[in-house]
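Let's take a walk through a protein model together. Keep the sequence and the picture side by side as you read.

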Amino acid sequence: MILTLKLLISLLTLLFPGMMAADQPLTVPTTVVEYSGLPPYRESSLLFDRLGLREDQLNFEAFDLAYTGYRKITDREKEILTLIDYSRSSAVERLFVIDMENEQVLFRTHVAHGRNSGEEYAVSFSNVNGSYKSSPGFFLTDETYHGQAGYSLRLEGIEKGINDKARQRAIVMHPSKYADPSVAARRGMLGRSLGCPAIPPKVSRDIIDTIKEGSVLFIYPGQDTYASLSPLLSGNDMT
């Protein structure tokens with residue numbers, strides 16, 4: 001028994017040199033990583049930091065939901081994510097185009113919401129034709145065309161009951177003078193659309209050409225009920 005104990009102590013000493021010495025306590029090396037107050041266990045929070053985004057620019061919950069849904073949409077054809085944060089005032093930049101592969105914010109700009117969704121803030125949403133309200137949730141961008149508003153981009157809503165009537169409602173991304181930042185500077189808010197995410201004419205073509213044909217677009221409504229009702233985020237059947 002004593003011999004066995006001595007052999008065990010010898011083995012431990014070989015495996016952990018210095019462990020048995022009183023002046024050399026066993027220590028475990030640690031790596032300290034600093035985070036900016038966001039949960040370190042979330043991939044989305046790490047990416048949020050790497051992109052140089054801040055909570056005063058973009059609601060982190062909006063980004064987290066957008067990232068979660070983006071990862072689930074496997075039939076996307078571009079590694080581009082467009083995020084519209086409708087929890088923020090229309091007087092500030094609330095549209096972000098993100099290159100997910102190279103982890104870079106490509107565009108930040110203003111975007112209008114539907115006239116019946118609210119005034120400065122979008123507070124009401126709809127999937128109903130003729131409601132003149134914005135629809136929340138995930139879309140895939142489709143083809144471009146030249147319409148009454150100019151060079152525009154069709155959007156395909158992919159969440160049943162939330163935005164799947166987008167094409168029927170002619171919900172598209174298009175340029176508009178009422179979405180120009182100068183309007184917000186003068187009136188304290190942008191003008192409003194018939195439900196389309198209208199953007200400033202100066203950047204509209206560049207943005208549309210970047211995100212067209214198969215990239216993900218997410219509109220965050222800033223409402224607690226959305227995530228639980230979302231077929232994509234809740235895991236319910238989207239067909």
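Is arginine 167 buried, partly exposed or exposed? Arginine 167 counts as partly exposed, because its relative accessibility is 35%. Here buried means under 20% relative accessible area, exposed means over 50%, and partly exposed lies in between, with a 1.4 Å probe and protein chains only.

A word on what you are looking at. This is a predicted model, in which local features need pLDDT of at least 70 and side-chain atom pairs count only at pLDDT 80 or more, while totals for chains, interfaces and linings use all residues. Residues are numbered from 1 along each chain as its sequence is written, and side-chain values use heavy atoms, with hydrogens and water left out.

Now for the sheet. Eight strands make an open sheet with mixed pairing, in the order S3-S2-S1-S8-S4-S5-S6-S7. At its edges are strand S3 (104–109) and strand S7 (198–199), each pairing on one side only. Strands are DSSP runs of E with at least two residues, helices are runs of H or I with at least four, and both are numbered from the N terminus. Two strands pair if DSSP finds at least two bridges between them.

Find strand S4, residues 137–147, in the picture. With strand S8 (residues 216–220), S4 pairs in the antiparallel sense over 4 bridges. With strand S5 (residues 150–157), S4 is also antiparallel, over 7 bridges. S4 and S5 form a hairpin with 2 residues between them. Leucine 140 shows both contacts: its bridge partner in S8 is valine 216, and in S5 glutamate 156 stands opposite. Another bridge to S5 joins histidine 146 with tyrosine 151. As a general point, side chains in a regular strand alternate between the two faces of the sheet.

Next, look at strand S6 (residues 172–175), which holds methionine 173. Methionine 173 is buried, because its relative accessible area is 0%.

Charged side chains come next. A salt bridge is a side-chain nitrogen of Lys or Arg within 4 Å of a carboxyl oxygen of Asp or Glu, and by this rule the count comes to 11. In one of them, glutamate 103 meets arginine 50 at 2.8 Å, N to O. Glutamate 103 is in the loop between strand S2 (95–99) and S3, and arginine 50 is in helix H2 (residues 43–50), so the pair ties together parts that are 53 residues apart in sequence.

Let's return to arginine 167. Its salt bridge partner is aspartate 142, with the closest N and O atoms 2.6 Å apart. Arginine 167 lies in the loop between S5 and S6 and aspartate 142 in strand S4, so the pair links parts of the chain 25 residues apart, and aspartate 142 counts as partly exposed because its relative accessibility is 28%. Both belong to a network of salt bridges that links Asp142, Glu143, Arg154, Glu156 and Arg167. A further salt bridge joins aspartate 209 and lysine 212, with the closest N and O atoms 3.5 Å apart.

Our last stop is helix H4 (residues 181–187), where arginine 187 lies. Arginine 187 counts as partly exposed, because its relative accessibility is 48%.
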